[in-house]
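Grab a pencil and work through these exercises with the structure open beside you. Try each task before you read its solution.

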Amino acid sequence: MTTTTSASTSAETEVLIAGAGPTGLVLAADLARRGVRHRVVERAGRGFPGSRGTGIQPRTLEVLDDLGLGPAFLTEAGPCPPVQTWEGTERIRTWDLVERGEPTPAVPYPETLMLPQWRTVELLHARLEELGGRVEFETELTGFTQDEDGVTATLRHADGSTDTVRARYLVGTDGSRSTVRMTLGTSFTRTPVDARPVLLADFILEGIDRGHWHMWPTAPGGMIALRPLEGVETFQLIAGFDDTAHEPDPERDATPEALTRLLAERTGLTGLRVGEVRWSSAFRANAAMAERFRTGRVLLAGDAAHIHAPAGGQGLNTGVQDAYNLGWKLGAVLRLGAPDAVLDSYDTERVPVAAGVLSLSTRQNAADRAAGSGLSPRGSETLQLGISYRESPLTQERRQYVPEDGLRAGDRAPDAPCHDRAVDPVRLFDVFRGPHFTLLDLTEQGAGLPSAEWLRTCRVGGPEADLLDTGGHAKSAYGPGLFVIRPDGYVGLATDDPADVREYLTALTGRTLAGA
């Protein structure tokens, strides 16, 4: 039987996104709410397999909240279960892998939540469809060329037909074996982090409680761990192999019979019963980062730009932050006429962050290897709340006095509970939510301020207050001044002078602002 390949030219789009994992879906959802025309293509079919990256860090929860997904994730995700360390059939101790915390006025999501990645993808996909977007499944980007005005890409569909799409920009979110990155020829040298192979599997398991993350760090042959997954009846298996020459084969090593033998050999427990195996995968931990995240009209994000050892739960979260950083910048260039340098700042800001996360994950992997408990406790740096862009070209700190330990331009914009004039509760995150810039006025002076349809001004306190800082939390978090909050929730400008606001936003967006 001969397959006939036909080719056609599609209509132009503004942004072509190759890859519909969490990074690509967050970017698409952000562009959709900005009214930016885009296409998302995914070479696989619908239905992301496997639990994979399960940890959702607090900063990522803030992003999901901004995209309208906060309630869904808070409902479906769960806290990291306490770890139960075993030696054979004996329970040794119970301990917390992550730092526990209560919400504070500035940090509404204080600790890591857990959710299988396939469910995270489902929730993001549903949100994209609510915003009017869609994913073209079984559609593979096979190549592209770029010029000064855009990118011409070739797509191949499941029936063998092809078409050519013209886009202003192409974003590769197509994973660690990225076609986009390889076509660019961008350097991406992989460094082994751990030569020992690891097998992951999701399966039905009976004979052990679902209230703990069970670990056998000194099991014969290698560490083994079992974690109950949220919202489903399955467990996630993590099995390391001390024999570096061993090659786990998911077809061979992840059958119910093989997993039953593995669990019996490593745990000594006789009552464990393995049922259906839903998914499995084998890997060795590597680290790599693209030498740059922007090449002309083509940008890289997520695993296409950087891969990390899984220790610390940073990979998925860093990809989401890439998308959140890039989305508003593409919107500013395509909708507001912002200068091209705004897109350059994506590379400037995210490369150092990715390098830092890569280093953190590698250190965490080494700490896990040295820990007698199989995994070592995760510190506050894994929460990604401390990521800052103080050195970014988009950051300006112009206040005359800033306390040494105070908030500075470039830092994450904190939340704070306030009240509106009707004394109804309103959080600053409620004010920030959406695709706009926010001008936060904490001067209490009622001075005239510039305005624009894409800029939301919020006066906290003073004679013309929009919000009342009833508990003093906003003033405590920010101090007095004027603060331009970027659409990705970072302080772009901090100043005492309203004239600085006009100058900053005009230079950033290329738009003339109305008002004083």
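## Exercise 1: A pocket and its lining

Around the second largest pocket you'll find Arg34, Trp328, Gly331, Ala332, Arg335, Leu336, Pro435, His436, Phe437, Trp454 and Pro487 as lining residues. This is a predicted model, where local features need pLDDT of at least 70 and side-chain atom pairs count only at pLDDT 80 or more, while totals for chains, interfaces and linings use all residues. Residues are numbered from 1 along each chain as its sequence is written, and side-chain values use heavy atoms, with hydrogens and water left out.

**Task.** Find out which helix gives the largest share of the lining of the second largest pocket, and what volume this pocket has.

**Solution.**
Step 1. Know the term: on a 1 Å grid over the protein atoms alone, a pocket is an open set of points where a 1.4 Å probe fits, with protein on both sides within 12 Å along at least five of seven lines, and lining residues have an atom within 4 Å of a point.
Step 2. Helix 8 supplies the largest share of the lining, five residues. (Helices are DSSP runs of H or I with at least four residues, strands are runs of E with at least two, and both are numbered from the N terminus.)
Step 3. The volume of the second largest pocket is about 200 Å³, counted as the space filled by probe spheres set on the points.

## Exercise 2: From the pocket to the core

**Task.** Work out which residues have the most contacts inside the largest nonpolar core.

**Solution.**
Step 1. A nonpolar core is a set of buried Ala, Val, Leu, Ile, Met, Phe, Trp, Tyr and Cys residues joined through side-chain atoms within 4.5 Å. Buried means under 20% relative accessible area, exposed over 50%, and partly exposed in between (1.4 Å probe, protein chains only).
Step 2. The largest core has 84 residues, and Leu141, Leu330, Phe437 and Leu505 have the most contacts inside it.
Step 3. Helix 8 (residues 315-336) brings the largest share of this core, 11 residues.
Step 4. Another core, of 21 residues, lies apart from it, and Cys418 and Phe432 are among its members.

## Exercise 3: One threonine

**Task.** Decide whether Thr267 is buried or exposed, then look at what its side chain reaches.

**Solution.**
Step 1. Thr267 sits in helix 7 (residues 256-267).
Step 2. With a relative accessible area of 2%, Thr267 is buried.
Step 3. Its side chain reaches the backbone oxygen of Leu263 at 2.6 Å, and a polar atom of that side chain is 3.1 Å from the backbone nitrogen of Leu269.
Step 4. Setting aside neighbours within four places in sequence, Thr267 is in contact (heavy atoms within 4.5 Å) with residues including Gly88, Trp216 and Ile224.

## Exercise 4: A strand with two partners

**Task.** See which way the side chains of strand 15 point, and how strand 15 runs beside strand 6 and strand 16.

**Solution.**
Step 1. In strand 15 (residues 213-216), Trp213 and Met215 point one way, His214 and Trp216 the other, and all are buried.
Step 2. Strand 6 (residues 83-87) runs parallel to strand 15, joined by three bridges; two strands pair if DSSP finds at least two bridges between them. Val83 has Trp213 as its bridge partner.
Step 3. Strand 16 (residues 224-228) runs antiparallel to strand 15, again with three bridges, and Met215 has Ala225 as its bridge partner.

Conventions
A polar contact is a pair of N or O atoms within 3.5 Å; within protein, one must be able to donate a hydrogen and the other to accept it, and residues adjacent in sequence count only if both atoms are side-chain atoms.
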